[in-house]
Amino acid sequence: MGRKIKRQSKLIIYLLSVIVVTILSFIGIEYGTTETVGNTMPINIAKPENLQNITIKTGPTITKDFLSETKQNLKVYFFDVGQADSILIMNEEQTMLIDAGNNDDGEMLVKNLETLGIAKIDYLVGTHPHEDHIGGMDNIIKNFEIGTIYMPKVQTNTKTFEDVLDAVKEKGLTISTPKLNDTFKVGQAECQVLAVDNKAKNLNLASIVIQMQFDDMTYLFTGDSEKEVEEKILKVNKDIKVNILKVGHHGSDTSSSKKFIQTLAPEISVISVGKDNFYGHPNQEVIERLEEVESKIYRTDEVGNVFIEQRKK
């Protein structure tokens, strides 16, 4: 009799466990789904992460789940455009798009922006005229109202670059080149140009580098800037610290010098990179440098789109 009661008790406990799990799943509580990002700590990709005063979401596609109605908060979207860059910043109904992926990403980026309810790009930044940074810019220019277009004053003879110039001309727009230390605001986010080189023969070295400050957090968007540019930035900004870093040149060993990473000491690092790419990005030494400063790494080839929302204090 005692054994029978024990078996019945175990069955009842099992059934209750199944019911509880089913209820939790129904009301939207996620559990037990983790994915390792690089060699860093596991993160839960089934629900948002809350780190200090920011929320981080990741996913393969931009959906309404990425949306937030709080316009005062700063929103930064690192779009998954493979071996390329594209970053959207939103605050108080103003927007900045830094780079626009490859040529094949144009239509997808247009859909992403439409999903997010974007009608106007106040600042459109082409960090430098490589195809993996300006490939979809002509699509963006044709489909949205555009405010200021920033690009370095360097040129290439590629069709991609010509397509951007044609789109600019067709809309009656002009391209501006920011100067070193120029400042502007996206909503309440304060932006400053830390690097731009109009004489660079290596187009990566021409990259527009933008530092953004919102409340007590600092972001750095580096384009494909390499170690030479990093040295110039550190020479002028010796004690620069960054909370969130867009890792330069897709994690290439041409960027992210040990001194640069140790000085910045970013809490969060985002690497925009294509899965199984030909270049072997990101470089393992770069990953190790980021890990040495205990930076939490998000790679678009592993988690897809990365959305960071900073709550307004």
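Predicted model: local features only at pLDDT ≥ 70, side-chain atom pairs only at ≥ 80, totals over all residues.
Q: Of the contacts between residues at least 6 apart in sequence, what percentage join residues at least 24 apart?
A: That figure is 66%, taken over the contacts in the protein between residues at least 6 apart in sequence.

Q: Let's go to the open sheet of seven strands; what is the strand order?
A: The order is β11-β12-β13-β14-β15-β16-β17, and the pairing in this open sheet is mixed.

Q: Which strands stand at the edges?
A: Those are β11, residues 183-186, and β17, residues 296-299; each has a single partner strand, so one side of each is left without a neighbour in the sheet.

Q: How many degrees is the twist from one strand to the next?
A: The twist averages 20 degrees from one strand to the next in this sheet.

Q: How does β11 run against β12, parallel or antiparallel?
A: β11 and β12, the latter covering residues 189-195, run antiparallel and are joined by four bridges. Within that pairing, F184 has C191 as its bridge partner in β12, while V186 is partnered with A189.

Q: What sits in the hairpin of β11 and β12?
A: Two residues lie between the strands of that hairpin, and G187 takes a positive phi there, near 65 degrees.

Q: And on to β13, how many bridges join that strand to β12?
A: Five bridges join β12 to β13, which spans residues 209-214, and these two strands also run antiparallel. C191, the bridge partner of F184, stands opposite M212 in β13. As for cover, five of the seven residues of β12 are buried, which leaves that strand mostly covered.

Q: Changing topic, what volume does the largest pocket have?
A: Its volume is about 350 Å³. The pocket is lined by 18 residues, of which K71, M90, E93, L116 and G117 are the closest to its centre.

Q: Which elements give two or more residues to that lining?
A: They are β5 (74-78), β6 (87-91) and β7 (94-98).

Q: Since β7 came up, is T95 in that strand buried or exposed?
A: T95 lies in strand β7 and is buried, with a relative accessible area of 4%.

Q: What is T95 in contact with, leaving aside its neighbours within four places in sequence?
A: The contacts are L88, I89, M90, I118, K120, I121, D122, Y123 and V186. Two of those names have come up already: M90 is among the residues closest to the centre of the largest pocket, and V186 is the bridge partner of A189 in β12.

Q: How many cavities of 30 Å³ or more are there?
A: The count comes to two. The second largest cavity holds about 30 Å³ of space, and its lining consists of T222, S225, E230, L245, G248, S256 and F260.

Q: Now the backbone: what is the omega of the peptide bond from H281 to P282?
A: That bond is cis, with omega near -5 degrees, and P282 is placed in the loop between β16 (268-271) and α8 (284-292). For context, most peptide bonds are trans, and most residues other than glycine have a negative phi.

Q: On that note, what is the phi of N181?
A: Phi of N181 is near 75 degrees, a positive value in a residue other than glycine. N181 lies in the loop between β10 (175-176) and β11, and is partly exposed, with a relative accessible area of 42%.

Q: And E294, where is that residue found?
A: E294 is found in the loop between α8 and β17. Its phi is near 60 degrees, again a positive value in a residue other than glycine, and at 71% relative accessibility E294 counts as exposed, because the cut-off for exposed is over 50%.

Terms used: Residues numbered from 1 in each chain as written. Heavy atoms only, no water. Contact = heavy atoms within 4.5 Å. Pairing = 2+ DSSP bridges. Axes fitted to C-alpha atoms, helices over the stretch in contact; angles between N-to-C directions. Buried < 20%, exposed > 50% of the residue type's maximum accessible area, 1.4 Å probe, protein only. 1 Å grid on protein atoms, 1.4 Å probe; cavity = no way out; pocket = protein on both sides within 12 Å on 5 of 7 lines; lining within 4 Å. Points joined across faces, edges and corners; volume = space filled by probe spheres on them.
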